[in-house]
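Hi everyone, thanks for coming. I'd like to walk you through one structure today, so please have a look at it first.

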Amino acid sequence: NKPQPLRGKRLLITAGPTRESLDPVRFLSNHSSGKMGFAIAEQARSLGAEVTLIAGPVALPTPAGVTRINVESAGQMLETVMAKVNSQDIFIATAAVADYRAENVADNKIKKNADELTLTFVKNPDILKTVAGLPKPPFCVGFAAESQDVEAYAKRKLADKKLDMIAANDITVAGLGFNSDANALQVFWPEGHCDLPAQPKTELALALLNVVIERYQEKNDT
Ligand code: C5P
């Protein structure tokens, strides 16, 4: 019988990309596979947590015992997160939310008449920052995919978004991170940091949750 350190705890996780419509047949999105978020959901459940997984469009099966809600756009993801977040103990944002959406979604299919096409995009809401800014936020964990100055950018996001923890990875390392099965993470919290070496995302998810549990207990005991 495995220890259940997350028994009685509720975890909310976002995962995968979002899809921002341009017209009835086209969208803007990214290559996020959702693997990291789904691995965290599965491991959190195995540690006893009650897990709600809010997923963008990904081709992954729902981990056993996890409640999954499918969404498409950043707007829908925000709305769904806000509807669920009040009763949560821990929020882990792994989703690769599209930073921008089309200012106007065309009612009809955009025609290829002109040689150039200009679309205007507007910024999407920051879901994680919105949650971390609530009067009584859950323990908030963010992810940061960086291509340079990993530590500096991660620490800036930790402070800017008022997070409890951020897990950063260097996307320039071949075979790790975005859309692959393995990753390595540098984890930062306001008073410290640790490195989780390259390993399959399923194992990395468990290693990360162990750090989350330690910091969560520390924060809630003091
Ligand atoms: O600022 P950046 O996009 O690098 O921050 C990444 C972190 O913020 C991730 O945890 C991601 O899930 C979250 N995020 C979000 N909503 C956005 C953009 C990012 O929740 N619109």
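Let me start with a cysteine: C140 is buried, with a relative accessible area of 1%, where buried means under 20%, exposed over 50% and partly exposed in between, using a 1.4 Å probe on protein chains only. C140 takes part in no disulfide, and the nearest cysteine sulfur, that of C194, is 18 Å away. A disulfide here is a pair of cysteine sulfur atoms within 2.5 Å, and by this rule the count is zero.

A quick word on the basis. This is a predicted model, where local features need pLDDT of at least 70 and side-chain atom pairs count only at pLDDT 80 or more, while totals for chains, interfaces and linings use all residues. Residues are numbered from 1 along each chain as its sequence is written, and side-chain values use heavy atoms, with hydrogens and water left out.

Now the ligand. Which residues are around the ligand? They are A93, T94, A95, V97, P125, D126, I127, L128, G142, F143, K157 and K161, each with a heavy atom within 4 Å of it. A polar backbone atom of P125 is 2.8 Å from a nitrogen atom of the ligand. A polar backbone atom of L128 is 2.9 Å from a ligand oxygen atom. From K161, a polar side-chain atom lies 2.8 Å from an oxygen atom of the ligand.

On to the pockets. On a 1 Å grid over the protein atoms alone, a pocket is an open set of points where a 1.4 Å probe fits, with protein on both sides within 12 Å along at least five of seven lines, and lining residues have an atom within 4 Å of a point. The largest pocket holds about 1,100 Å³ of space, a volume being the space filled by probe spheres set on the points. Of its 43 lining residues, A95, A96, V97, D99 and F143 are the closest to the centre. The strand β9 (139–146) gives the most to this lining, with four residues; strands are DSSP runs of E of at least two residues, and helices runs of H or I of at least four.

The second largest pocket has a volume of about 210 Å³. Here α1 gives the most to the lining, with four residues. By class, this lining has five nonpolar, two polar and four charged residues, with Asp, Glu, Lys and Arg counted as charged, Ala, Val, Leu, Ile, Met, Phe, Trp, Tyr, Cys and Pro as nonpolar, and the others as polar.

Conventions. A polar contact is a pair of N or O atoms within 3.5 Å; within protein, one must be able to donate a hydrogen and the other to accept it, and residues adjacent in sequence count only if both atoms are side-chain atoms.
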